[in-house]
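Dear colleague,

Please find below the structure that I am handing over to you.

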Amino acid sequence: EAYKVPVTILLAKIDLLSEEAIAEFHRVYEGAGYEVIDISATQGIGVERVKAMLSGNTTLLSGNSGVGKSTLLNALFPKLSLDTGKLSEKIARGKHTTRAVHLFSLAHVSGGRYRGYLADTPGFSMLDFEHFDFFGLEDLVHTFRDFEPYLSECRYTDCTHTKEDECGITRALRDGKISRSRHDSYLNLYQTLKSKPSWKKG
């Protein structure tokens, strides 16, 4: 969001999720302004919709380890025959089946039916905001697109949007206009960036 990269969220392995969990995910992220596509690579759900979205674009496929990126790619383009792995039952995470970034020509893997490029990336356990300068603390609020409409309602220009009573964002949270989970994510990132030593900044 900080670099204005267009994002579509793929909710993978929906065959393993309850209808309530799927509906809640859509409520939160569609409410935040993102397109969400339900995916089940093993059942072929959402595959054609993703193919149409990829055509003519250069797309980066990214996500946590074990969410099924390689399985999805195989379902999209069987010619790839990528290795896939199972979740580690001990640590409940994927085993990093993809170990390097791979850039695929859609024309090549689709037999000329589609154009564009697709980059597959290794899975990750977490994003490290402490050691990498994605953006600073002052820019954090602008990476939450669903917060933007309420920024002008803050009384103070130095509002942290964490707990102030006269903050447009915390008011929107109380009114149910912003999801609690989204604000919790903001608070976690806020604390990480706030506690970052100055010698690690910039």
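The notes below cover aromatic rings, one histidine, the cysteines, and a helix with the strands around it.

The model is a predicted one, in which local features need pLDDT of at least 70 and side-chain atom pairs count only at pLDDT 80 or more, while totals for chains, interfaces and linings use all residues. Residues are numbered from 1 along each chain as its sequence is written, and side-chain values use heavy atoms, with hydrogens and water left out.

Aromatic rings

Rings of Phe, Tyr and Trp (its six-membered ring) are taken to pair if their centres lie within 6.5 Å; planes under 30 degrees apart count as stacked, over 60 as edge-to-face and the rest as tilted. By this rule there are six aromatic pairs. One of them joins F25 and Y29, whose ring centres are 4.7 Å apart and whose planes meet at 35°, so the pair is tilted. These two residues are four apart in helix α1 (residues 19-31), about one helical turn. Helices (H or I, at least four residues) and strands (E, at least two) are DSSP runs, numbered from the N terminus.

For accessibility, buried means under 20% relative accessible area, exposed over 50%, and partly exposed in between (1.4 Å probe, protein chains only). F25 has 23% relative accessibility and counts as partly exposed; Y29, at 25%, also counts as partly exposed. Y186 and Y190 form another tilted pair, with 6.0 Å from centre to centre and 35° between the planes. They lie four residues apart in helix α6 (residues 180-194), and both are buried. Together with F144 and F147, Y186 and Y190 make up one aromatic cluster.

A histidine in α6

Helix α6 also holds H183, which counts as buried at 1% relative accessibility. Contact here means heavy atoms within 4.5 Å. Leaving aside neighbours within four places in sequence, H183 is in contact with F147, H161, T162, I169, T170 and L173.

Cysteines

How many disulfides are there, if one is defined as a pair of cysteine sulfur atoms within 2.5 Å? The count is zero. For C154, the closest cysteine sulfur is that of C167 at 3.7 Å, too far for a bond. For C159, the closest is again in C167, at 3.6 Å, and this too is too far for a bond. C154 is buried at 13% relative accessibility, and C159 is buried at 11%.

Helix α2 and its surroundings

In helix α2 (residues 47-54), the residues V47, V50, K51 and L54 are buried. Seen down the axis, the buried residues of α2 fall within an arc of 105° (taken over the directions from the helix axis to the C-beta atoms), so they line one face of the helix. Their cover includes β1 (8-11), β2 (35-38), β3 (57-61), α3 (69-76), α4 (106-109) and β5 (116-120). After α2 comes G56, with a positive phi near 85°.

Strand β5 is itself mostly covered, with four of its five residues buried. Two strands are said to pair if DSSP finds at least two bridges between them. β5 pairs with β3 in the parallel sense over five bridges, and L118 in β5 is the bridge partner of T59. With strand β4 (residues 102-105), β5 pairs in the antiparallel sense over four bridges; here Y117 in β5 is the bridge partner of S105.

Yours sincerely

Key. Disulfide = S-S within 2.5 Å.
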